[in-house]
Amino acid sequence: MTSTDFFALISRMKYISRWGLMRNSVPENIQEHSHMVAVVAHALGVIRRDIYGIACDPEACAAVALYHDASEILTGDLPTPIKYNNEEIMDAYHKVEDLASRKLLSMLPEALQPTFSDIICGETAKAVYPQVKAADKICAYIKCIEERKAGNREFLSAEKQIRTVLEASPLPEVKYFMEQFIPNFEKNLDELGTLREAEDL
């Protein structure tokens, strides 16, 4: 691998499936997941700044979220029940993630490494970690809703557990998102509106 392999590897995120131990009605890869996490993280940042008047950088939230699972290109996606089974496994996995992130960063030209290092594992990543982590959890919850709507009962326990975690979040932007936007994920396409209806506005 050369020092310019970074983006070629990033493009392969679409080949890494999530929810490996679960039966999925609609398979999801980490590229799709990262895009949605970036969308939600950006929204959380905007809500935090514009609704609650708390300093936050929504663009940083989005950028960090886009790369939050980048290390899995090299490590694969370790199922949650294994990853969080105990502290020893968690600690070991975090070390592997850190090693994978540094390996990825080494595949960039040196002039670009500081900027990408900052959003993958640097100060910017740390600053918006709460919003990105919350967005990651919200997207997992949305996935559970979508699977339930598709008639798949495989995700019911996960949906309940994740909902409990989100309801306990101390972040006001999470509560706002859950109250204002999550109910709409229960709607079908007709209920969400069509272009024809938009013409009446």
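Salt bridges in the predicted model

Arg148 has a relative accessible area of 30%, which makes it partly exposed. The model discussed here is predicted. The partner of Arg148 in a salt bridge is Glu159, with 2.9 Å from N to O. Arg148 belongs to helix α9 (residues 129–149) and Glu159 to helix α10 (residues 156–167), so their contact ties together parts that are eleven residues apart in sequence. Glu159 has a relative accessible area of 9% and is buried, because the cut-off for buried is under 20%. A further residue, Glu186, joins Arg148 and Glu159 in one network of salt bridges that share partners.

In total, the structure holds nine salt bridges. Another of them pairs Glu28 with Arg18, and their closest N and O atoms are 3.1 Å apart. Both residues lie in the loop between α1 (6–10) and α2 (30–51), so this pair ties together parts that are ten residues apart in sequence. Glu28 counts as buried, at 15% relative accessibility. Arg18 also counts as buried, with a relative accessibility of 12%.

A further salt bridge links Asp50 and Arg49, where the closest N and O atoms are 2.7 Å apart. Asp50 is partly exposed, its relative accessible area being 48%. Arg49, at 37% relative accessibility, counts as partly exposed as well.

Technical notes: Residues are numbered from 1 along each chain as its sequence is written. This is a predicted model: local features need pLDDT of at least 70, side-chain atom pairs count only at pLDDT 80 or more; totals for chains, interfaces and linings use all residues. Side-chain values use heavy atoms; hydrogens and water are left out. A salt bridge is a side-chain nitrogen of Lys or Arg within 4 Å of a carboxyl oxygen of Asp or Glu. Helices (H or I, at least four residues) and strands (E, at least two) are DSSP runs, numbered from the N terminus. Buried means under 20% relative accessible area, exposed over 50%, partly exposed in between (1.4 Å probe, protein chains only).
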